[in-house]
Amino acid sequence: MAETVGERAQTRRALRARAGQSPPKAGRNLPAATAVGLALIAVVVASLYLYTPLFVGLVTLFAVLGVWELDHALRQGRIWVPLPPVLLAAGLVPLAYVAGPDGLAAGFAAVTAMIVLWRSVGDPVGALTDVAGGVFVVAYLPVLAAITMLMVAEPDGVGRILTYVLVTVASDTGGYVVGVLRGRTPMAPSLSPKKSWEGFAGSVGTSAVVGALAVVLLLDGPWWVGCVVGAVAACFATVGDLAESSIKRDLGIKDMGHLLPGHGGVMDRLDSLLVTAPVCWALLHVLL
C-alpha cells in the first residue's frame, strides 16, 4: 500500500531524529583518507597533462558514480528519482566540453523534460517529489561537474583546472588543520559539530595564499586575482560542505557511500569541488 503524506512526514521526522541523536564518530581514518586524496589528485593531474579527453572521461565517471550514490541516498527519504534519464545526464559533461555553455544549457533543459516525461508514466503518488528530486540531482552533480569542462576547454585550461582544484583542496585542508588546533567556536553545530569559525578562517586564509601562488605560477596572472578566487572559493566550499551535511542529516545517513576509504562515498569527496566549480570558472573568466 502506498504511503500517505502523513506517513511520509512521520518517516522523515524519525530519520532526522535518528541522525541527530546518533553519537558522532571519533573521526575518519586519516592515513587512508590522505592516501586516497593524493591518489585522486595524481590521477586528475595525469589525465590533464597526458590527454585532455581522459580528464573528460574521468569527470563523467565521477558524475555517474555520484548520481548512483545520490539516488540510493534519496531513497532513504522516500524519494525515487527517475534513474535512467538522471544517469543519462552524466553526458552533460562531455557535451559541455564539446558545445560549451550553450550546449550545457540546452542539454540540461532536455534532461529536465525527459525526467518529467519519464515520471509521468506510472503511479501518480509522489510524482512531484520524485521529479523535483531528479532535477535536483542533475543540477547538483552533472551540471556543476560539467562546468569544469568550460574551464578545461580554455587555451590555458589545464592551469585553470589545477588552480580550481588547489584552492578547493587548500580550503578543506586549511580548515581541518586550523579547526583541529584552534577550533573553539562552532559554526553550525546542528549540521557539522566539528566545523568552527576558526577553521573557516583557516580555510579562507590558506585558500587565498594557494590561489595567489597558483594564478601567478600557472596562469601568469596577478596575485590579487588568486587571492580573490581562493577566498571566495573557500566560502563556497564551506557552504557546499554544510549543504551536503544538511542533506545527509535530513536523510538520516552519515555518508553518501563507502567507495572511497577514509572519505565515504564519491559525493563526500565532491561536495566542495562541485560548489566551487562555477565560482572559480566565473571569477577566472572575468578577472583574467
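I began with contacts (heavy atoms within 4.5 Å): among those in the protein chain between residues at least 6 apart in sequence, 72% join residues at least 24 apart.

Before going on I noted that this is a predicted model, in which local features need pLDDT of at least 70 and side-chain atom pairs count only at pLDDT 80 or more, while totals for chains, interfaces and linings use all residues. Residues are numbered from 1 along each chain as its sequence is written, and side-chain values use heavy atoms, with hydrogens and water left out.

Next I looked up the secondary structure, taken as DSSP runs numbered from the N terminus, with helices being H or I of at least four residues and strands E of at least two. I found ten helices and two strands in the protein chain, in the order α-α-α-α-α-α-α-β-β-α-α-α from the N terminus.

For the surface I used Shrake-Rupley areas with a 1.4 Å probe, only the protein chains shown counting as cover for residues. The protein chain exposes about 14000 Å², of which carbon and sulfur atoms supply 71%. Of its 288 residues, 45% count as buried (under 20% relative accessible area, against over 50% for exposed and partly exposed in between).

Last, I checked backbone angles. R78, in the loop between α3 (52-75) and α4 (83-88), has a positive phi of about 60° although it is not a glycine, and at 31% relative accessibility R78 counts as partly exposed. D220, also not a glycine, has a positive phi near 55°; D220 sits in the loop between α8 (197-219) and α9 (223-251) and counts as exposed at 72% relative accessibility.

Key. Buried means under 20% relative accessible area, exposed over 50%, partly exposed in between (1.4 Å probe, protein chains only).
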